Amino acid sequence: MRVLFRVPQAAAIACLILVAPLSVHQATAQSASPQNAAKTEPLTIATKAGPKRFDVEVMRDDAGRSRGLMFRRHMAPEHGMLFDFERAEPVTMWMKNTYLPLDMLFIRPDGTVSRIAAETEPLSTAIIPSGSPVSAVLELNAGTAAKLGIQAGDRIEHPLFKGR
């Protein structure tokens, strides 16, 4: 009886060993598939030097805002992430579990950039305050604001700021 028990147990273990790499491979393939790519929306920043266009992911709920860009290792140059806080209030951000250095643009309800926190430190738990009530934050790759001449007072053009 003992031998009969070991044979099925060994067969079950062998099946797990054979299936496990397949599952890992499938998960990797799924995460790389274009169907799972994040949906983006166009956003323009009106600067003194002219319009600067980006494709942004928009985080509209608590789960999305909490996750943000955590654990990502790359973001295309003309991409960003826009956090919609739905109402104007002072907000704080941090870089916990965020590997990418970022520029954070704090945005008033009318779409005006109120403040820029440039070159934020990856993986830091330091609090980054908005400094005033804002309704959104735009995260771009670090150095983008300086490179493109984006400054406080510039306007963000996106449907999020229409009618607020």
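**Salt bridges and a pocket**

Asp-62 forms a salt bridge with Arg-65, and their closest N and O atoms are 2.7 Å apart. A salt bridge here is a side-chain nitrogen of Lys or Arg within 4 Å of a carboxyl oxygen of Asp or Glu. This is a predicted model: local features need pLDDT of at least 70, side-chain atom pairs count only at pLDDT 80 or more, and totals for chains, interfaces and linings use all residues. Residues are numbered from 1 along each chain as its sequence is written, and side-chain values use heavy atoms, with hydrogens and water left out.

Look at helix α2. Asp-62 and Arg-65 both lie in it, three residues apart, about one turn of the helix. Helices (H or I, at least four residues) and strands (E, at least two) are DSSP runs, numbered from the N terminus. Asp-62 is exposed, at 57% relative accessible area. Arg-65 is buried, at 17%. Buried means under 20% relative accessible area, exposed over 50%, and partly exposed in between (1.4 Å probe, protein chains only). A network of salt bridges links Asp-62, Arg-65 and Glu-86.

The structure holds six salt bridges. Another joins the side chains of Arg-60 and Glu-41, at 3.0 Å from N to O. Arg-60 sits in the loop between β2 (50-59) and α2 (62-67), and Glu-41 in strand β1 (residues 41-47), so this pair ties together parts that are 19 residues apart in sequence. Arg-60 is partly exposed, at 39% relative accessibility. Glu-41 is buried, at 18%.

Now move to Glu-57. Its salt bridge partner is Arg-72, with the closest N and O atoms 2.6 Å apart. Glu-57 lies in strand β2 and Arg-72 in the loop between α2 and β3 (79-89), so the pair ties together parts 15 residues apart in sequence. Glu-57 is buried, at 11% relative accessibility. Arg-72 is partly exposed, at 27%.

Next comes the largest pocket. A pocket is an open set of points on a 1 Å grid over the protein atoms alone, where a 1.4 Å probe fits, with protein on both sides within 12 Å along at least five of seven lines; lining residues have an atom within 4 Å of a point. About 260 Å³ of space lies in the largest pocket. That volume is the space filled by probe spheres set on the points, which are joined across faces, edges and corners.

Its lining has 15 residues, and Arg-65, Ser-66, Phe-83, Met-93 and Trp-94 lie nearest the centre. α2, β3 and β4 (92-93) each supply at least two lining residues. α2 gives the most, with three.
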